[in-house]
Amino acid sequence: MTRTADRGDELGGQAHLEQLSVQPDFARRGIGRSLVEAALDAARGRGYSWMTLCTFAGVPFNAPLYAGCGFEEIARPGPAVAALRIHEAQLGLDDLGPRIAMRIRL
């Protein structure tokens, strides 16, 4: 059985991918990419123009995966994403490694 989790939200009036994970035993099988594509399709279906996410920059199954799906790093995040990044830092996520915000036009 493949165990996955994903959670999409709205942030600043646009779609935001909050969480996506694939059980390590099932990594490198295209499941993560399929989940990203499903989230993008759902956001398009709801009429969003953009999807954002925040992730670890150097973890191979994080930022590089999303970049391969068409996401680009946001150099200057808007207010909602910037506030989320501040919240993540306060929670200690930045202590685990560099994090970035990314987005894709839908």
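View 1. Residues are numbered from 1 along each chain as its sequence is written. Because the model is predicted, local features need pLDDT of at least 70 and side-chain atom pairs count only at pLDDT 80 or more, whereas totals for chains, interfaces and linings use all residues, and side-chain values use heavy atoms, with hydrogens and water left out.

View 2. Along the sequence the protein follows the pattern β-β-α-β-α-β-α-β, which comes to three helices and five strands (DSSP runs, helices being H or I with at least four residues and strands E with at least two, numbered from the N terminus). The radius of gyration is 13 Å, close to the 13 Å that the globule rule gives for 106 residues, so the protein is as compact as a globular protein of that length (taken over C-alpha atoms, the rule being 2.2 Å times the number of residues to the power 0.38).

View 3. His16 lies in strand E2, which covers residues 14-22, and at 3% relative accessibility His16 counts as buried (buried means under 20% relative accessible area, with a 1.4 Å probe and protein chains only). The side chain of His16 makes a polar contact with the side chain of Thr52 at 2.6 Å, a polar contact being a pair of N or O atoms within 3.5 Å, of which, within protein, one must be able to donate a hydrogen and the other to accept it, and residues adjacent in sequence count only if both atoms are side-chain atoms.

Key
Buried means under 20% relative accessible area, exposed over 50%, partly exposed in between (1.4 Å probe, protein chains only).
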